Amino acid sequence: MKRLLAALLLLLVVPVAAPAQSPEEVPAYSESLLWRLSHPDGNDGYLFGTMHVGDPRAIALVDGLRGPIAEVEVVYTELSFTEAQEMSGEMMALIFDASRPPLDQVLGEALFARLLAALEPHGINAAALRNMPAWLAGTLAFYPDQMSASTFVDVEVEALARELDRPVFGLETVAEQLAVLRELGEAEPVAMVEGALDYLADHPDAAAQLTEAYAAGDLPLVWTLALGAMAYGNVAENEALMQSALYDRNVVMAERIVSIMARREALFAIGAAHLPDDGGVLDLLVEQGFTVEPVPLGRLAGDDEGDGGMSGRPKG
């Protein structure tokens, strides 16, 4: 149960909102999932984009971090899995709030039946679904296999860091991510679930394509696929959620990375959606004077081949 609760927090990377950029545009800072960070007045480090899935192809990417993790003093994941386990009671209370009306009453009989038809093949029955909040049910409609996943990319990064005797901390706290989930809980539930189901009806292989794109290290395609999903549902509400769930968090993450790297060499592993685009974490770090360089996974950190520094890189 504790693993499930932690996994639910890791499902924060959900296609619930759309940035202004069109899917045809390649976002800035999307050349790689792994980036070297350096600052003339601080330390060097790395930033790795994760995806909160347990597919073996995605998990295999983590081994490419052995070299970078060995170079740094400390590792920060987006959320400390250990802390999530310790706060399982609070998470359980938020997810299964007894004061919330049953989901079939919230959605209506017809929409609830559509949702159940999508999730029942994955082991989620009507009784369990009635007790879920709409944001969780809509998320699981996109990624139903996450309920049975035995591990996640984020968890494997933390495990590798501990194997290499590097301390691991969360860049965000569980309380901060719970606040985002509470905001999702205040979104229009019918529009959220309808948008998810309508998109899946038109794109039944969407989740598999997204995972395949991530496993191939194709961040532009991950971005494009996510934008397509985000176009469904309440656009105005989606934009507000995007601001709070992604861009506002980018600012906080970037500020913390700057503060940490002023003191220590570190590797940061956060959701891949936080890396690219104007207003992404890499963009914000460049504004703070960092040089950011894409690094192919598995390349030795001392190898000077590649694309070179990216400080001041033109956007768009």
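This is a predicted model: local features need pLDDT of at least 70, side-chain atom pairs count only at pLDDT 80 or more; totals for chains, interfaces and linings use all residues.
Now show its surroundings. Leaving aside residues up to four places away in sequence, Glu158 touches Thr77, Leu79, Ser80, Phe81, Thr82 and Val168.

Next, turn to the aromatic rings. The model has 3 aromatic pairs. For one of them, select Tyr29 and Trp35: the ring centres are 6.1 Å apart and the planes stand at 65°, so this pair is edge-to-face. Tyr29 and Trp35 are both buried.

Then select Tyr76 and Phe169. Here the ring centres are 5.6 Å apart and the planes meet at 40°. That angle makes the pair tilted, because stacked planes are under 30 degrees apart and edge-to-face planes over 60.

Tyr76 is in strand E3, residues 74-79, and Phe169 is in strand E4, residues 168-172. The pair therefore ties together parts that are 93 residues apart in sequence.

Which of the classes, buried or exposed, applies to Tyr76? Tyr76 is buried, at a relative accessible area of 11%. Phe169 has 38% relative accessibility and counts as partly exposed, because that value falls between the 20% and 50% limits.

Tyr76, Phe169 and Phe268 form a cluster linked by ring pairs.

Conventions
Residues are numbered from 1 along each chain as its sequence is written. Side-chain values use heavy atoms; hydrogens and water are left out. Contact means heavy atoms within 4.5 Å. Rings of Phe, Tyr and Trp (its six-membered ring) pair if their centres lie within 6.5 Å; planes under 30 degrees apart count as stacked, over 60 as edge-to-face and the rest as tilted. Buried means under 20% relative accessible area, exposed over 50%, partly exposed in between (1.4 Å probe, protein chains only). Helices (H or I, at least four residues) and strands (E, at least two) are DSSP runs, numbered from the N terminus.
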